[in-house]
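Trainee: Please take one part of this model and look at it closely. I would like to follow its charged pairs.

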Amino acid sequence: MKFPRSSGVLLHPTSLPGRFGLGTLGDEAHRFVDYLAESGQRYWQVLPLGPTSYGDSPYQSLSAFAGNPMLVDLEQLVQDGWLTAEDLSDVPAFPEDKVDYGWVIPYKAEKLRKAFEGFEARADLEERQRFEGFCRGSASWLADFALFMALKEHFDGTSWAEWEPALRDRKPEAVTEWHRRLEPQVRYHAFVQYLFFSQYTDLKRYAAARGVQIIGDLPIFVAYDSADAWSNPEIFHFDTQGHPTVVAGVPPDYFSETGQLWGNPLYRWEVLAKSGYAWWIERLKMALTLYDVIRVDHFRGFEAYWEIPAGEETAVNGRWVKGPDRAFFDALKRAFGDLPIIAEDLGVITPEVEALRDGAGLPGMKILQFAFGSDADNAYLPHNYKSPNCVVYTGTHDNDTTEGFFAQVEEKEREHLRAYIGSEAESVSKALIRMAFASVADLAIIPVQDWLGLGAEARMNVPGQAVDNWAWRVRSQDLDTALSKTMRELSELYGRAKVRVAAKVPVS
């Protein structure tokens with residue numbers, strides 16, 4: 001796809017303000033859409049929206065299709081009639097500037113259970129029909145997911161591979177029996193998904209009316225302990241007990257002597273090919289209902305991926321294995337036409353990966369934090385962008401903030417930056433934002449932390465670190481009119497501003 005010359009902001013919904021401990025799909029999300037529109041921004045980029053597990057990473061989701069219950073807005077449930085105002089009178093004094101998941105998750109889970117009880121007790125026929133219609137329309141993934149979640153609760157969070165063999169292997173009689181035994185819990189998890197998709201659909205419709213499109217993030221791999229792996233073991237490299245034989249990661253490089261051992265199961269691409277990549281096509285159909293544009297994480301894995309024997313403690317003892325390559329994207333084009341995809345082409349990028357990206361007509365990514373400290377041929381320096389068909393970032397969710405990054409780099413990188421911009425009048429983050437907006441890249445995406453000029457304390461994720469990630473939150477007062485004015489002025493100056501919308505669209 002090709003973007004109009006434009007700009008947008010990277011902010012995961014959990015980082016929004018709000019009194020319930022983390023951001024949701026409610027009023028604050030709608031206000032953020034208004035803020036983007038007033039600020040001349042056409043895109044809101046988010047991280048994966050699936051339900052998270054241990055470590056709270058949106059990149060290790062319990063499902064590639066389901067939504068995160070923690071994003072459901074509780075105040076909307078009062079308006080719907082499933083909770084009362086009294087039910088929300090006990091909101092703890094959650095931190096304003098970070099998410100304390102250990103505190104938030106049990107609180108919200110208890111309220112969602114109460115909302116389900118309220119629905120079961122008070123919903124009229126029309127409301128019940130809407131819920132049942134959602135369940136029927138989503139049956140291809142929802143039935144397995146809701147049962148998977150009910151089973152995980154019943155077995156105290158144990159991985160599906162450790163369940164009794166008949167259930168682990170999805171023997172029809174075992175699945176039927178356990179669905180009967182856990183029917184109320186299964187129905188609860190389906191109901192929570194109904195809430196998520198109802199609220200998200202309202203938010204997406206609201207954003208579209210304000211001229212704001214949503215860029216979503218699609219990880220190439222799924223989590224091992226997920227409904228996807230349990231429901232579709234034939235498409236993964238598993239042994240007869242459901243354990244992976246090989247797992248995903250990346251090899252040793254400049255940043256890590258032992259590489260990165262992600263542990264995700266790897267696809268049996270030859271099996272997927274025989275079905276015409278049916279599972280992936282269904283996954284993309286779902287993603288296209290959620291997002292206007294999809295950023296595919298670890299794009300290089302479609303050309304070749306790093307395969308590590310299961311049981312290894314590092315990623316050192318792996319090998320490159322050929323991926324589905326062009327045949328996969330040809331199948332997608334037959335199914336969808338030209339897809340609105342951004343290729344996350346970072347890491348070990350070879351001419352073959354570039355050929356796959358360009359052959360599919362996909363824009364790649366340029367990260368300005370990677371541009372300095374080497375020489376004039378650095379591919380991330382704006383004067384080396386070979387085509388406007390790319391997306392430029394100051395940094396991503398995996399980077400430190402720009403201020404945090406440059407506070408700890410060697411002096412030669414700071415000197416290179418000062419020489420490149422020819423000035424020391426602005427902060428580093430402001431200088432890189434201006435550089436991104438001035439570049440030929442069709443789309444510029446800036447993390448909110450960089451617009452605010454924040455340091456390392458506002459970093460979203462440290463790759464390879466298992467805890468204390470994904471917690472940063474923006475405060476309401478930080479998104480003020482002065483910043484909005486700056487964002488719009490820069491967007492207009494560099495030809496990236498969206499057309500103003502005269503009147504606000506009411507929240508549906």
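**Salt bridges**

Mentor: Start with Lys 152, which forms a salt bridge with Asp 225; their closest N and O atoms are 2.6 Å apart. Lys 152 sits in helix α5 (residues 139-154), while Asp 225 sits in the loop between β3 (213-219) and α9 (227-231), so the pair ties together parts that are 73 residues apart in sequence. Both Lys 152 and Asp 225 are buried. Keep in mind that this is a predicted model.

The structure holds 35 salt bridges. Side chains of opposite charge can pair when their charged atoms come close.

Now take Asp 169 and Arg 168. They form a salt bridge, with the closest N and O atoms 2.8 Å apart. Arg 168 has a relative accessible area of 13%, so this residue counts as buried. Asp 169 is partly exposed, at 36%.

Next come Glu 270 and Arg 268. Their side chains meet in a salt bridge at 3.4 Å, N to O. Glu 270 is partly exposed, with 42% relative accessibility. Arg 268 is partly exposed too, with 30%. Elsewhere, salt bridges that share partners join Glu 120, Arg 128, Glu 132 and Arg 187 into one network.

The side chain of Thr 394 makes a polar contact with the side chain of Asp 450, at 2.6 Å. Thr 394 lies in the loop between β11 (390-393) and α14 (402-406). Its relative accessibility is 0%, so Thr 394 counts as buried. Among the residues that Thr 394 touches are Ile 367, Leu 432, Ile 445 and Pro 447.

Technical notes. Residues numbered from 1 in each chain as written. Predicted model: local features only at pLDDT ≥ 70, side-chain atom pairs only at ≥ 80, totals over all residues. Heavy atoms only, no water. Helix = DSSP H or I, 4+ residues; strand = E, 2+ residues; numbered from the N terminus. Buried < 20%, exposed > 50% of the residue type's maximum accessible area, 1.4 Å probe, protein only. Polar contact = N/O pair within 3.5 Å; in protein donor to acceptor, adjacent residues only side chain to side chain. Contact = heavy atoms within 4.5 Å. Salt bridge = Lys/Arg side-chain N within 4 Å of Asp/Glu carboxyl O. Lists of a residue's contacts leave out its neighbours within four places in sequence.
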